[in-house]
Amino acid sequence: MKNLDFKHGGNIYEFAEKFKLSISDIIDASASIVPFSIPDFIKDELCIEIKNESFRYYPERNLNKLKETIGRFHNIDPSCIMPGNGASEIITWVGCEAAKYSLNCLPAPGFVDYERALKCWQAKYFLEELPKNNFKTIKQPFPIQPKSDVLWITNPHNPTGQLWDRKTLEELIKNYKLVICDEAFLSLTPNGENESLIPLTKKFDNLIVIRSLTKLFSIPGLRLGYMVGPSKISHKLNNLRDPWPVNSLAIQAGIKLLNNKDEYKKWIMKIHKWVNIEKQWLTDELKKISKIKVHESSTNFFLIESQHSLIEGINYLSRKKILIRECSSFRFLDDKWARISLQTHEKNQLIALELYNFFL
Ligand SMILES: Cc1ncc(COP(=O)(O)O)c(C=O)c1O
């Protein structure tokens, strides 16, 4: 098998194609997605949608039902919600709003899409390096002080898994013209929801929160995310974007997933239990390998660091059909870092075993 040079996580189709593998043979720990199938009642719902050929019609243009469902779920007025084709599409449009201001601050290393979105709109930004000495499993103060008009926050942070304390974020909001908080992984994070800024969107008209359902419900191929923020911003952005940004199946899945609070709670309990147990297990196992440092994280992914390049190790794992995220495409990280996303216990055992074998 040849070496790989993928710079982003979740390239499972390209990997399968390149090495003539079936998707189910691959352990993809490079993208941080829950490793369980969506609840059966959602699968049934999607089958009904397909049988009824709902895709023969354009989806509801204004996404009213979905907005109402999300609004009810968060106790927010539906006019403040803008659903999108995954959080990624929302990030593009929020970038358009952020470009109105003279300078954006992106904490780094961070999720690469914010830079992409800002470049789309020729926005000015700078990267502020996050300290690398405070990786924790519990919440911690946000370490950046105001130096720009716009601040982009990821909570918990990707790729470090740091969970930022809401109180410290709230204090910052009044010092910026716009604060954007991407909570794509917050619902997966045990005790994460306590740190959500969504309730504060009622108090501040310069705050936008971004959410994704793709990681939590393992539906990255279906694509569904949303923004919660000032209704005048969602109204304006909505008029600029393509018509029908969310497809009929994703709309229906979103409505069903968020309408049933009992099922949602059951799912969240299952996910938090999995994160707590598997994070402890896998990080404890990997800490036995003296040649790598395993960093603490609050959520379903964590960083490992070595004194030497991890590329050979990453390629070794890929020959064993295991993908982890090489980190040199993250600013302020390099090929001595890698990000590993939690899998089912059986697959975590294989990841630990192959890493031992490589470092023996
Ligand atoms: C921090 C963060 N936000 C947003 C996204 C994109 O999410 P979605 O699949 O909903 O577009 C990702 C994807 O990896 C991410 O890491």
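1. In this predicted model, Glu53 is partly exposed, because its relative accessibility of 36% lies between the limits of 20% and 50%. Its side chain meets that of Arg56 in a salt bridge, with an N to O distance of 3.9 Å. Arg56 counts as exposed, at 59% relative accessibility.

2. Glu129 and Lys132 also form a salt bridge, their closest N and O atoms being 2.8 Å apart. Both partners are partly exposed: Lys132 has a relative accessible area of 30%, and Glu129 one of 40%.

3. The salt bridge of Lys177 with Asp149, at 3.7 Å between the closest N and O atoms, links distant parts of the chain, 28 residues apart. Lys177 lies in the loop between helix H6 and strand E6, Asp149 in the loop between strands E4 and E5. Asp149 counts as buried, at 14% relative accessibility. Elsewhere, salt bridges with shared partners join Glu97, Lys100 and Lys236 into one network. The whole structure contains 17 salt bridges.

4. Helices H9 (residues 261-286) and H11 (residues 345-359) pack with their axes 10 Å apart and at an angle of about 10°; H9 is therefore roughly parallel to H11. Residues making the contact include Trp281, Leu282 and Leu286 of H9, and Ala352, Leu355 and Tyr356 of H11. By class, this contact comprises 6 nonpolar, 3 polar and 2 charged residues.

5. The largest nonpolar core has 76 residues, and Leu286 is among those with the most contacts inside it. H9 supplies the largest share of this core, 8 residues. Residues touched by Leu286 include Ile304, Ile340, Ala352 and Leu355. A second, separate core of 22 residues includes Val94, Leu106, Tyr114 and Ile233.

Definitions and conventions. Residues numbered from 1 in each chain as written. Predicted model: local features only at pLDDT ≥ 70, side-chain atom pairs only at ≥ 80, totals over all residues. Heavy atoms only, no water. Axes fitted to C-alpha atoms, helices over the stretch in contact; angles between N-to-C directions. Helix = DSSP H or I, 4+ residues; strand = E, 2+ residues; numbered from the N terminus. Parallel < 35°, antiparallel > 145°, perpendicular 65-115°, else oblique. Contact = heavy atoms within 4.5 Å. Nonpolar A, V, L, I, M, F, W, Y, C, P; charged D, E, K, R; others polar. Core = buried A, V, L, I, M, F, W, Y, C linked by side-chain atoms within 4.5 Å. Buried < 20%, exposed > 50% of the residue type's maximum accessible area, 1.4 Å probe, protein only. Salt bridge = Lys/Arg side-chain N within 4 Å of Asp/Glu carboxyl O. Lists of a residue's contacts leave out its neighbours within four places in sequence.
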